[in-house]
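Please look at the sequence and the model below.

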Amino acid sequence: MFNLKLLQKNKTLKYGVPMLLLVVGGSFGLREFTQIRYDSQKIRKRLDPSLEAKVNIQRQPVILEEEYEKLKETNLDEWKNIRGPRPWEDSREHQEQQRRKLSNKD
């Protein structure tokens, strides 16, 4: 009886052990939940076999290199930056104003 009262008054056993169990148990629980999350994302991202046959994953870097070559051929010295319309502005009217400004400067 005497030992039970001492254990109940001990703050380490009263507060520390449950907190330690919560932290350690929570880390294991979170690991399981994140594993479920990643597994479900992997299943969702999996391509249909018929579509996967059409998509050539090996060719992707080659496509990027081709796009880079196209960009190297463009003349960026003559490029003009035209500001797009604000959400409250009429896009056609704004683009016509920008074109008129550019044609007047040239």
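Leaving aside residues up to four places away in sequence, Q98 touches I82 and R83, where a contact means heavy atoms within 4.5 Å. Q98 is in helix α5; helices (H or I, at least four residues) and strands (E, at least two) are DSSP runs, numbered from the N terminus. This is a predicted model, in which local features need pLDDT of at least 70 and side-chain atom pairs count only at pLDDT 80 or more, while totals for chains, interfaces and linings use all residues. Residues are numbered from 1 along each chain as its sequence is written, and side-chain values use heavy atoms, with hydrogens and water left out.

Is Q98 buried or exposed? Q98 counts as buried because its relative accessibility is 15%; buried means under 20% relative accessible area, exposed over 50%, and partly exposed in between (1.4 Å probe, protein chains only). H94 is also found in helix α5, which covers residues 91-105. With a relative accessibility of 5%, H94 counts as buried. Its contacts, again not counting residues up to four places away in sequence, are R83, G84, P85 and E89.

Next come the charged pairs. Side chains of opposite charge can pair when their charged atoms come close. A salt bridge is a side-chain nitrogen of Lys or Arg within 4 Å of a carboxyl oxygen of Asp or Glu, and a search of the whole structure finds three. One of them joins E67 and K70, with the closest N and O atoms 3.4 Å apart. Both residues lie in helix α4 (residues 60-73), three residues apart, about one turn of the helix. E67 is partly exposed, at 39% relative accessible area.

Helix α4 also holds K72 and E69, three residues apart, about one turn of the helix. In the salt bridge between K72 and E69, the closest N and O atoms are 3.8 Å apart. E69 counts as partly exposed, at 39% relative accessibility. Another salt bridge links R31 and E32, with 3.6 Å between the closest N and O atoms. R31 is partly exposed at 48% relative accessible area, and E32 is partly exposed at 44%.

Which helix holds L20? L20 is in helix α2, residues 11-45. L20 counts as exposed because its relative accessibility is 57%.
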